[in-house]
Amino acid sequence: MTDLTATSVLPRRANFDSDEMVARVKRRYRSEWRFKALGGAALVLTAVFVIAVLSDIVIKGTPAFTQHSLMLDVPVRADVVDPKGTRNPEDLRSADYFALMREALATAIPGIEGRAEKKRLSGLLSSGAGNELRDRVLADPTIIGTTVKVPLLLSDDSDIYLKGKQTRVLTVPSRGTATPSGTTGEITVLTSANDFADDLVTVKKALAARIEDEKSRLAIAEGRGESQASEVANLKDEIAALSARAHQPGVEEVLDGKMPSLMVAINGGLVKLNRISASSATGTVYIPLKSADEAAPGAWSVVTYERPESNRKTTDIEAAFLEKLRADGKVENRFNTIFFTHGDSRDAELAGILGSLVGSILMLIVTLSLALPFGVLAAVYLEEFAPKNKLTNLIEININNLAAVPSIVFGLLGLAVFLNFFGLPRSAPLVGGLVLALLVLPTIIIAARASMKAVPPSIKEAALGVGASHQQAIFHHVLPLATPGIMTGTIIGMAHALGETAPLLMIGMLAFIVDVPQGFLDPATALPAQIYIWSDLPEQAFEAKTAAAIMILLGVLLLMNGLAIWLRSKFERRW
Amino acid sequence: MDMTAAKRLEAERIAPVTQAGLPAKVVARDANVYYGEKHALKSVNVDIPDRGVTAFIGPSGCGKSTFLRCINRMNDTISSCRVTGNITIDNRDIYDPSLDVVQLRARVGMVFQKPNPFPKSIYDNVAYGPKIHGLARSKADLDEIVSASLEKAGLWNEVKDRLLDSGTGLSGGQQQRLCIARAIAVNPEVILMDEPCSALDPIATAKVETLIDELRANYCIIIVTHSMQQAARVSQRTAFFHLGTLVEEGPTEKIFSSPSDPRTQDYITGRIG
């Protein structure tokens, strides 16, 4: 075989020094490098997106975990809480605790006279502000007649204002001595230095910006021709008036709701400025001044609310009240227990995820207790006992296809079969669980079959070899060894079910439900449905709630996937 | 039923006794095996004596393992497999529909090519068979069976202090002896061994061979092997298979010293295979 004559028929040997070969090797290295670089880039891109999404959610959601309340001393007046004096829990429950809260708040900021202002003040509170006191009275009626310190829940807008999400607040210390002309009503503040000059410049700049706006609107109106003649004339007049104001530096300027709000904090009071010149300002007193005495340089300040009043929810007077309460140390930012202990609510500050969380858990209980036994037994039968014929082939193909059916179709099925045919109640976790069980059944069957296939056939043979029946071999040996894989598949299927919204849409689980469900037939919603509902609401506070609920959902999913990984690594066997 | 009874009588009439004078334990008459269209085993006739070791030798794919797996009907698990002809153990047709295949496998133990202990404790590995067949009346009974089986398999001294350790943690040779202990724990009449030493090193092989030699006093052992030296060392009778047919069967010394068929001659001298 090693005959010399045979060399002529041997294949050509590569010349590793030829240029062609060197180029080939270079090309191979380049292509390997390219592949690595592309893979790395893909990884980095993915990481960037994941981090961007997660950090956005966390940044938006974290504020929802705290909630501002007012800590006030509230006299629990017997004539309000229990006018009949019977201490009957029913009467105690229905008493007007909010009135007590309103009174306590009025005491905290004295000197507010006008009806409109008073309404604004009590509007800072949540409609559920009295709930805490009600619960305390019901738990211990002996506190009636005493004065207790309770947290008064603030409304969602006040809460957002205090979290600094509505406007930036700039406080500029003063340079001159200020003299207010009074303590209430319209007053003028004169300053010895030109304390308002900077603000005046800012206002003039804002005017210049508005002139540009108006000019572009004018151009559009002119482009439309004759029909807009009056509009054009109006705009021209306005531009002329604005530029007259803008180009006269130092002249007194009127402030309006479209400009940043200016206030003067002086002598313990707060004045909202309406007109300013370089050295004097006229405005309305929101919080009465303690006195009309002169204020030394540095003892008073000009406060700017950068976002114009017309662009935010909390008006200047409400902001003034909140700032005053904060300065008095009455505001507390506490952990938001309501979020974890309440169901949904139309008031953002009273809305919680407990209802939807319980709904989701109830649904998953139904899903698991149906899908796991049915799925595993179906898998065992198909994998080990079913005769291999056309019928079982058809069933197998259908099961595999079922895993790819859009989930909304399962919802329609649930609507047609469980609600319309069997007459089960709408919005019930039982129906949701049934629908989700159908959804995860193929996942579990496929996972269980795969993990049973992964058990070496030698184990089954060994069992058969000592005289175990087929069924004994499966249930004593194959199935226990497949259990980690089945559990992993089941948990991942459950996580899938937990995040599913579309099928719930069809069976009425996408609903506003206040009460936390107590059983499988109570109306309920699910976590992802709750997220969808909140994301649709206009109130700004729900934005944070939505992100916070997403965090909870992701946390639960992460927990479930972690459990799956842990089970897999704990029970994984190597042969 | 008449057909089967007639067949059985026929089988008894032909050869209830092997040439060596020992009672025949396993008898095959015109046994054929098909895997779908493939005719894997062609008309095998053989008498295998009780209390002794019979070796099946032959090149790969000659049908020796196929025949071995017919004897405890392990081929039933392959759906395309079909067996015709007549195989009896103690004159009882093992393919008789009235025969319970699970009981058959309890009577005919099997040891596989690759050691395949259950991923359970050593104790549970051995105790599994007696448990499912109800051979132990009490825990003490079961302990007795386990220790006796492990002792017979020559493993007792090595594992007596760690019976609750996993069987898969043993070395390859120990695992194979554990599998033998598991097989003899249900006290079978026949033990089938499908190349039991092919995955073992020479020292472990020697131990298993010694064990086989000890066991032959009590069991009918049939061993499939690729190693002719092993066949020569452990068996009293040897059967040579080639291309699905049983070429020759006889006392081991005769097969290796003066085979009557030229194909056997070629195989044992290394010219085919």
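Buried means under 20% relative accessible area, exposed over 50%, and partly exposed in between (1.4 Å probe, protein chains only). The model is predicted, so I kept its limits in mind: local features need pLDDT of at least 70, side-chain atom pairs count only at pLDDT 80 or more, and totals for chains, interfaces and linings use all residues. Residues are numbered from 1 along each chain as its sequence is written, chains are lettered from A and ligands numbered from 1 in the order in which they are written, and side-chain values use heavy atoms, with hydrogens and water left out.

**Entry: aromatic rings**

I noted the pairing rule. Rings of Phe, Tyr and Trp (its six-membered ring) pair if their centres lie within 6.5 Å; planes under 30 degrees apart count as stacked, over 60 as edge-to-face, and the rest as tilted. By this rule I get 14 aromatic pairs over all chains. A:Phe335 and A:Phe340 are a stacked pair, because their planes meet at 10° with the ring centres 5.7 Å apart. A:Phe339 and A:Phe340 pair edge-to-face, at 5.3 Å between centres and 80° between planes. A:Phe335 is exposed at 53% relative accessibility. A:Phe340 is partly exposed at 29%. I traced the ring pairs onward to a cluster that includes A:Phe65, A:Trp534 and A:Phe542.

**Entry: charges over rings**

A charge sits over a ring if NZ of Lys or CZ of Arg is within 6 Å of the ring centre and within 35 degrees of the ring normal. I found A:Arg28 over the face of A:Tyr29, 5.5 Å from the ring centre. In chain B, the charged end of B:Arg182 lies 4.6 Å from the ring centre of B:Phe118.

**Entry: strand E7 of chain A**

Helices (H or I, at least four residues) and strands (E, at least two) are DSSP runs, numbered from the N terminus. Two strands pair if DSSP finds at least two bridges between them. A:Val264 faces A:Val271 in E8(A). The hairpin of E7(A) and E8(A) has 2 residues between the strands, and A:Asn267 takes a positive phi near 50°.

**Entry: the sheet in chain B**

I read 4 strands in an open antiparallel sheet, in the order E2-E1-E4-E5. Strands E2 (38-49) and E5 (92-93) stand at the edges with a single partner each, so one side of each has no neighbour in the sheet. E1(B) (residues 24-35) and E2(B) share 8 bridges. B:Tyr35 has B:Lys38 as its bridge partner.

**Entry: cores**

A nonpolar core is a set of buried Ala, Val, Leu, Ile, Met, Phe, Trp, Tyr and Cys residues joined through side-chain atoms within 4.5 Å. Which residues have the most contacts inside the largest core? They are B:Phe56, B:Phe67, B:Ile222 and B:Phe241, in a core of 57 residues. Helix H17(A) (residues 470-498) gives the largest share, 7 residues. A second, separate core has 47 residues, among them A:Leu439 and A:Ala549.
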